[in-house]
Structures are given as structure tokens and as C-alpha cells.
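Welcome! Here is a short briefing to read alongside the sequence and the 3D view.

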Amino acid sequence: MNKPVMKNIALIAFAALAASSTLAAAHSNDARQAEQADYIDQGRDDGSITWREGIKLRREQAAVARLENHYRADGRLTRDEKRSLHQLQNQTQDHIAQEANDGWHRPWWLPRFGR
């Protein structure tokens, strides 16, 4: 094969690899958000996360999602943006665990209401 064709093939392969890694990162962020939302719902169901705590945790998750959308507005995430999102998601996970284990529980005889 001649050099221009090889260059084109290499560029196409590199572009495909870059696109797939970006999609994988987006999926992992979405999957992590979904796991955290499920954990909040489980806590709400078993009473370990109160209604107010659930509202606060969902607001925190929404803020992370808004920031991620802001970062993705230019079509890509830089390494610093990825690091920032990862740190925020770690903090959110810590806050969920803290609220689930803080000793505040919905009394067993009260039904769950709200989100």
C-alpha cells in the first residue's frame, strides 16, 4: 500500500479508538450515576435515608450531571474535567453512605412518601 492510504487508515483507526474511549467514559459516568440513584432509592425504601436526605442527595447528583453537561458542551472532556467529575462522584458516594449510616431513620410504622 502507498503511504497516503496507510495514513488514512491509521487516522480512521485512531479516530475510532478515540470515539470509543469517549463513549466508554460517558457510559461509565452514566452507570455510576444510575448506581448511586439506585442506592439512594434502596435507602429510601428501607428507611435508612430519610425524605430530606434523599432530596439533598438527589440535588447533589443533579449538580454533578449539570456540571458534566457543561463540560461536554464543547464535545469532549479534558483530563482535568474527568478528574473533577470523578472526585465529585466520589464525594457524592461518600455523602450517600454517610446519610445511610447516620442513625436517622424513618420509623418503621411510617409509610414512605415522596421520591
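The accessible surface of the chain comes to about 8300 Å², and carbon and sulfur atoms hold 59% of that surface; areas are calculated by the Shrake-Rupley method with a 1.4 Å probe, and for residues only the protein chains shown count as cover. This is a predicted model, in which local features need pLDDT of at least 70 and side-chain atom pairs count only at pLDDT 80 or more, while totals for chains, interfaces and linings use all residues. Residues are numbered from 1 along each chain as its sequence is written, and side-chain values use heavy atoms, with hydrogens and water left out.

**Overall build**

- The chain has three helices and zero strands, where helices (H or I, at least four residues) and strands (E, at least two) are DSSP runs numbered from the N terminus.
- Read from the N terminus, the order of elements is α-α-α.
- Of the 115 residues in the chain, 26% are buried; buried means under 20% relative accessible area, exposed over 50%, and partly exposed in between (1.4 Å probe, protein chains only).
- Among contacts (heavy atoms within 4.5 Å) with a separation of 6 or more, 73% join residues 24 or more positions apart.

**How H2 and H3 meet**

- The axes of H2 and H3 come within 10 Å and cross at roughly 175°; axes are lines fitted to C-alpha atoms, for helices over the stretch in contact, and angles run from 0 to 180 degrees between N-to-C directions.
- That angle makes H2 roughly antiparallel to H3, a label for angles over 145 degrees.
- Residues making the contact include Leu57, Gln61 and Val64 of H2, together with Leu88, Ile96 and Glu99 of H3.
- By class, this contact has seven nonpolar, six polar and six charged residues; Ala, Val, Leu, Ile, Met, Phe, Trp, Tyr, Cys and Pro count as nonpolar, Asp, Glu, Lys and Arg as charged, and the others, Gly among them, as polar.

**The nonpolar core**

- Ile40, Ile49, Leu57, Ile96 and Ala100 form the largest nonpolar core, meaning a set of buried Ala, Val, Leu, Ile, Met, Phe, Trp, Tyr and Cys residues joined through side-chain atoms within 4.5 Å.
- Leaving aside residues up to four places away in sequence, Ile40 touches Ile49, Gly54, Leu57, Arg58, Gln61 and Ile96.

- Glu99 lies in helix H3 (residues 79–100) and is buried, with a relative accessible area of 12%.
- Beyond residues up to four places away in sequence, Glu99 touches Ser48, Ile49, Glu53, Lys56 and Leu57.
- Ala62 sits in helix H2 (residues 51–71) and is partly exposed, at 31% relative accessible area.
- The C-alpha atoms of Ala62 and Gln33 are separated by 9.4 Å, with the two residues 29 apart along the chain.

Notes: Angles under 35 degrees count as roughly parallel, over 145 as roughly antiparallel, 65 to 115 as roughly perpendicular and the rest as oblique.
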